[in-house]
Structure formats: structure tokens, C-alpha cells
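Biologist: Could you walk me through this one? I'd like to start with the inside and then look at the strands.
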Amino acid sequence: MAAKRDYYEVLGVSKTSSIDEVKKQYRKLALKFHPDRNKSSEAGEHFKEISEAYAVLSDTEKRQVYDQHGHAGVDGRYSSDDIFQGARGDFSDIFGRGGGGFDSIFESIFGRGGGGGFGFNQQRGSDILFETSVTLEDVLHGKKMEIDLQKQIQCDICQGTGCKPGTNKKTCVTCNGQGQVRQSRNMGFASFVTAAPCSTCRGQGSIIETPCNECKAQGRKKGSKKVTFEIPPGIDSGDYTVPEEGNEVPNGSNGDLIIRVRVQPHPQFNRDGKDIFYDQNVSMIDAALGCDVVVPTLEGTEKIKIDSGSQPNTIIKLKGKGVPHINSRGRGDHYVRVVVNIPKRLNKRQKQLLDEFQKNND
């Protein structure tokens with residue numbers, strides 16, 4: 001599962017940045033990663049990432065949803081087409097000069113129809129948010145999960161066509177099956193091309209004359225599906241993506257399943273990244289004389305030696321006994337902090353012994 005980067009981080013702006021500042025920064029990055037200028041193999045992915053971030057952060061409503069709920073809020077409320085719809089004018093303004101326009105630029109990257117939810121012909125299902133909690137032991141070993149997910153699935157009566165069995169779709173005569181209507185007009189030395197979804201077929205390129213009685217021409221219906229996914233070792237609290245396990249769209253791309261993971265607090269240990277911390281209480285006498293103690297770890301117990309004369313907050317490291325890091329090899333360490341217990345009440349004999357000890361030490 002790969003987590004989406006924060007939109008503000010993607011564009012290099014802050015939450016207090018104005019719309020104009022967001023637009024200025026996007027223009028700068030878009031020109032940098034435009035595939036006509038940048039021949040890097042990663043340029044296309046960067047271009048998609050910054051364009052999606054801009055489409056959300058430049059829209060007041062979508063930005064407010066994102067600030068409150070993060071990626072899961074935006075993905076659960078808007079389809080890819082919804083996200084980009086409001087920003088099309090800005091994209092055309094940025095890229096339209098010199099010919100091509102917004103849609104031509106994106107077709108050159110994703111192919112006709114969008115290839116990733118940017119075009120008109122291909123639809124994308126909405127994402128689904130699923131929340132779960134895991135233990136620190138799950139962080140160590142990872143966890144395989146199977147859930148019964150309620151979502152939109154392909155209609156089993158019409159097999160996703162939306163047509164009544166025995167009938168077929170008809171090609172839209174308005175757009176000739178393209179799903180969009182294009183207009184071109186000259187503006188000085190440049191030709192400006194605009195494209196809009198066909199109003200007759202609603203961008204589908206075809207028309208259903210006899211709809212399926214089960215799904216009412218939608219090609220999908222409410223249902224359930226068993227989804228299996230892995231919680232990888234080293235995971236931290238946050239949102240993670242299981243690609244294409246969201247709501248299904250016939251002849252389009254499925255949405256994603258967003259797994260919101262919360263790592264539960266542990267009753268004995270504290271975690272800092274891949275390191276584990278544990279407090280071991282010892283008596284004042286044991287700290288002074290030294291002793292052996294058995295301490296718990298995530299994988300059982302370990303015997304450690306408390307050296308004589310150990311001071312409060314002495315740290316003992318158990319190498320490689322922490323948790324894995326999700327993006328690297330190896331494991332962290334397990335740190336034991338020695339907590340020396342000073343008695344609050346002493347009897348007369350104990351006070352005498354401590355007095356004698358202090359005098360002999362002077």
C-alpha cells in the first residue's frame with residue numbers, strides 16, 4: 001500500500017498560501033515537469049501529482065474538505081473528473097497558449113480518454129474509506145486482513161453493460177462515439193482547442209435504449225466483496241491505499257480502498273519510529289550493587305545486567321529488538337531505561353544504616 005503525499009508538500013506551499021500563490025507555484029512546477037520539456041521517466045508521474053494537488057488546493061470547497069479530512073475526505077466525496085472539473089479553466093489558461101489546450105496536454109501524457117481519470121470517456125469509481133486499528137505486535141510482524149466490503153460492484157445480470165440482456169448500446173450520433181465535443185477557434189497566432197463532455201450521451205460515447213432492469217442502466221449495483229490485503233511490518237498510523245478495490249465502474253477504472261490505520265498504544269512500551277522504549281524499575285540497593293533482571297520485549301523476554309553503581313535513567317540497548325521500518329531494511333532497537341526507586345519511608349534501622357554509609361563515604 002502506498003500512501004499519497006500531502007498536497008501542500010507536493011506543491012511546496014503552506015496551508016496559509018493564497019489561491020494566487022498556489023497557482024503561481026503550480027505554473028512553475030508544471031513547466032518544470034511538462035513532458036515536452038522534461039524527458040525524465042518520472043516527469044509524467046510528477047506532472048499528474050502536482051496537477052491533482054493544484055486542482056484540489058485551488059478550489060475553496062475541495063481545499064476545505066481536504067484540510068478537515070485529508071485524502072480520504074476528498075477521494076470519498078469526489079471522483080477524478082469532479083476534482084479536475086473546476087480547474088479546467090485554469091489549466092487551459094496555463095497550457096492553452098501556443099495551441100493544444102488543457103485536454104490536448106493531458107491526452108499527450110495519459111492518452112485519449114485520460115488513462116488515469118483525466119479524460120471524459122473513462123470514468124473512475126469513488127474511493128472507499130475503511131478504518132482499522134493494529135497492535136504494536138502487528139507492527140512488528142505485519143498482519144493479513146480480510147474484510148467483507150460493501151460497495152458498488154458490476155451488475156451480474158447485464159455484465160456491466162447497463163443494457164437489458166439481448167440488447168446493445170447505440171453509438172451516440174452527436175459525438176460519433178467520442179464522448180466529447182471539441183471546438184477550435186483561432187486567437188492570433190495560436191489555435192485554442194476546447195473540449196467538453198457530450199451532452200447527449202453524457203460523455204459515454206453511446207446511448208442505452210433498453211436499460212437493464214436490475215441496475216437501471218448503471219452497469220453496477222450495491223453488493224459486497226471479500227477483500228484481502230496485507231498490513232506491512234513497520235506500519236505507522238496514517239492512510240494507505242489498496243489500488244482499485246474501491247467502488248467499481250464498468251468500462252472505467254475502479255476507485256481505491258483507503259485503509260486508515262491507527263496503531264494502538266501499548267500498555268508497556270512506547271514507540272519512536274522503529275525504536276521501542278521500556279522503563280525497568282529497580283531498587284536503590286539493586287542499582288548500587290548491580291543485579292540481573294528479565295525485561296519484556298515484543299518477542300518475549302530478555303535477561304539484562306544492571307551494572308553496580310547504575311545511575312537513574314541509565315539506558316541499556318537491546319540491538320535489533322525494535323520494529324522494522326516500512327521503507328527500509330533492518331529493525332530498530334529496544335531501549336531499557338533504568339528507573340531507580342527511592343523509598344519514601346524508612347524505619348529506624350534503615351536510617352541508621354544509611355547514616356553510617358554516608359559518614360563512611362565522607
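Predicted model: local features only at pLDDT ≥ 70, side-chain atom pairs only at ≥ 80, totals over all residues.

Biologist: How many residues does the largest nonpolar core have, and which have the most contacts inside it?
Modeller: That core has 35 residues, and those with the most contacts inside it are F229, I231, L257, I304 and I306. Its largest share, four residues, comes from strand β9, which covers residues 257-263.

Biologist: And what is I306 in contact with, leaving aside its neighbours within four places in sequence?
Modeller: With those neighbours set aside, I306 is in contact with V282, G290, C291, V293, I316 and V338. Another core, of 22 residues, lies apart from the largest one, and among its members are L11, F33, A53 and Y54.

Biologist: Back to β9, why is it largely enclosed?
Modeller: Five of its seven residues are buried, so the rest of the structure largely encloses β9.

Biologist: Which strands pair with β9?
Modeller: Strand β1 (residues 128-134) pairs with β9 in the parallel sense over seven bridges, with T132 having V261 as its bridge partner. Strand β8 (residues 238-242) pairs with β9 in the antiparallel sense over five bridges, and there Y240 stands opposite I259.

Biologist: New topic: what is the strand order in the open sheet of four strands?
Modeller: The order is β10-β11-β15-β14, with mixed pairing. Because β10 (270-272) and β14 (315-318) each have a single partner strand, one side of each is left without a neighbour in the sheet. From one strand to the next, the twist averages 30°.

Biologist: How many bridges join β10 and β11?
Modeller: Three, in the antiparallel sense, and N270 stands opposite F277 in β11.

Definitions and conventions: Residues numbered from 1 in each chain as written. Heavy atoms only, no water. Core = buried A, V, L, I, M, F, W, Y, C linked by side-chain atoms within 4.5 Å. Buried < 20%, exposed > 50% of the residue type's maximum accessible area, 1.4 Å probe, protein only. Helix = DSSP H or I, 4+ residues; strand = E, 2+ residues; numbered from the N terminus. Contact = heavy atoms within 4.5 Å. Pairing = 2+ DSSP bridges. Axes fitted to C-alpha atoms, helices over the stretch in contact; angles between N-to-C directions.
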